[in-house]
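Open the model in your viewer and keep the selection tool ready. The stops below go from the whole chain to single residues.

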Amino acid sequence: PRLLREVARAICDAVERGDSLGFEARMDALGRRSTEALRDHLLALAYLQSGQSGDRLLDLEMAQRLFEEALALDPELASAHAGLARTWVEMDRLRGEPELIVAAIEEAETALRLAPDLGEARLLLARLYQRAGREGEAAAVLDGLTEGLDSESDGEDSEPESEEREQVRALLASAELEIDRGDLDEAETLVRQALAIDEDAWDSWSYLGEVEMRRGRDEAAREAFRRAMELGPAQVVPFDNYVLLSLIAGNSEAAVDAYEAWRGPVDGFLALNMGTAYYDLGEMEKAEEAYLTAVALEPANEIARGNLGDLYRATNREERARRDYRSALEIVEERLEVFPDNESQRVERIYASARLGECGPVAEEGPALAGEVAVTYEKMTRLAKAFALCGLEEPAIEALELLAGTGVTLGRVACEDELRSLRGNPGFEALFAEATATVCE
């Protein structure tokens, strides 16, 4: 860390004074080969984290080149391997190339092999394994991380995080894994352990809000997200979820008001939520604009593509609707070719097929899939919608019953357009007796 700080100071001084010769002299004094690698690593991080050109893809391509140059000089620079892995992940968001996630896994594995105590690499690899449907390996990577990691052990991090912060990050990564598995009790336990370590960590409050939101405890979730926004005012994630909470509660007006007052960054998830808010209010032009923004920010976002298809279908543009539904299905199928065990993508394939009216896979694979995947709000509601779209009422009710059995408040699920065909079904009416009589009116 000391050497890296010296390189950082040399770079800053050279930029401030325009003194390239002085920079070269200091590099020689510090040891040119290692410091050049560290210099490239620092510059790569600048492109990766904050951007320099105003073009996100160009920034990532620059980060890739600089990380690779750093590794050519020093192949054992573990943090550069981790940085390159992060770059591949960001590129996948823009390009939608699952092979980039394979490359990211390889780089993160290399980083962890070179520096077993490098917390950044361990956390990143756990999330990548989870994304690939390798949950057992994700849990194994996180094992022991909550005991405390020495992020300085490989001597590379410029500003090592405190042991407490590493523990918080580890606990939240484990909580994220449990949320994906549908174990909200264990997720809450982990998040509260993180808050006991640092009650002012915005991301811990954000995770707590997510747990409460998934349980249907709207007011508790709202308070947690509000606290997260107070502690991290520039963070888009808790604001994303705060807006989503208004949507779930059926208050699209509040969601739009919050969005239009927002002066922070806009990511694909926020643009997607706002498209839905405008859609619910019948403001189709604004909804289309927001959905197109989401697609522009994340071209491989199958949910944005599918929602855009819904909008075109609702506005009698069936050809365009089918085009976007088909794009969503192709994105999912491409990912499943690389990661066939990813539960979320398997569910998305069923849902995308149903939207296209291709009900063969829905009838043949859907019921068994509903019994295999973790029971979460997203997975069960999407399967229920797919079944309903294909006229499969019994599996649709069974999926919703599985979700209700977790204690989650189903709320406005009854009002979803795709589920309206279930109205009058005794099983459906029993689940949504109050919702169908009040919220959906």
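**Whole chain**

The model is predicted, so local features need pLDDT of at least 70 and side-chain atom pairs count only at pLDDT 80 or more, while totals for chains, interfaces and linings use all residues. Residues are numbered from 1 along each chain as its sequence is written, and side-chain values use heavy atoms, with hydrogens and water left out.

Switch to a cartoon view. The protein chain has 24 helices and 0 strands; both are DSSP runs numbered from the N terminus, helices being H or I with at least four residues and strands E with at least two. Of its 441 residues, 49% count as buried. Buried means under 20% relative accessible area, exposed over 50%, and partly exposed in between, with a 1.4 Å probe and protein chains only. The accessible surface (Shrake-Rupley method, 1.4 Å probe; for residues, only the protein chains shown count as cover) is about 19600 Å² for the protein chain, and carbon and sulfur atoms hold 47% of that.

**The largest core**

Next select F67, L77, I105, L125 and L128. These residues have the most contacts inside the largest nonpolar core, which has 39 residues. At least two core residues come from each of α3 (32-49), α4 (56-73), α5 (78-95), α6 (98-114), α7 (119-131), α8 (135-142) and α9. Another core, of 34 residues, lies apart from it and includes A221, F239, A277 and A294. A nonpolar core here is a set of buried Ala, Val, Leu, Ile, Met, Phe, Trp, Tyr and Cys residues joined through side-chain atoms within 4.5 Å. In soluble globular proteins, nonpolar side chains tend to be buried together.

Which residues is L125 in contact with, leaving aside its neighbours within four places in sequence? They are I105, A108, E109, L112 and V141.

**Helix α7**

Just after α7, G133 has a positive phi of about 80°.

**Helix α10**

Move on to residues 184-197, helix α10. Its 14 residues should span 20 Å at 1.5 Å a residue, and its end C-alpha atoms are 20 Å apart, which agrees. L184, A187, E188, L190, V191, A194 and L195 are buried in α10. They cover an arc of only 165° around the axis (taken from the directions from the helix axis to the C-beta atoms), so they are on the same side of α10. These buried residues pack against α9 (163-181) and α11 (202-215). Turn to the face away from the buried side to find the exposed residues D185 and A196.

**The disulfide**

Finish with C359 and C390. The structure holds 1 disulfide, a pair of cysteine sulfur atoms within 2.5 Å, and this one joins C359 to C390 with S to S 2.1 Å. The link is left-handed, with -85° about the S-S bond. The pair links distant parts of the chain, 31 residues apart: C359 is in the loop between α19 (343-355) and α20 (360-372), and C390 is in the loop between α21 (377-389) and α22 (393-404). C359 counts as partly exposed because its relative accessibility is 27%, whereas C390, with a relative accessible area of 17%, is buried.

Definitions and conventions:
Expected span 1.5 Å × (residues − 1). Contact = heavy atoms within 4.5 Å.
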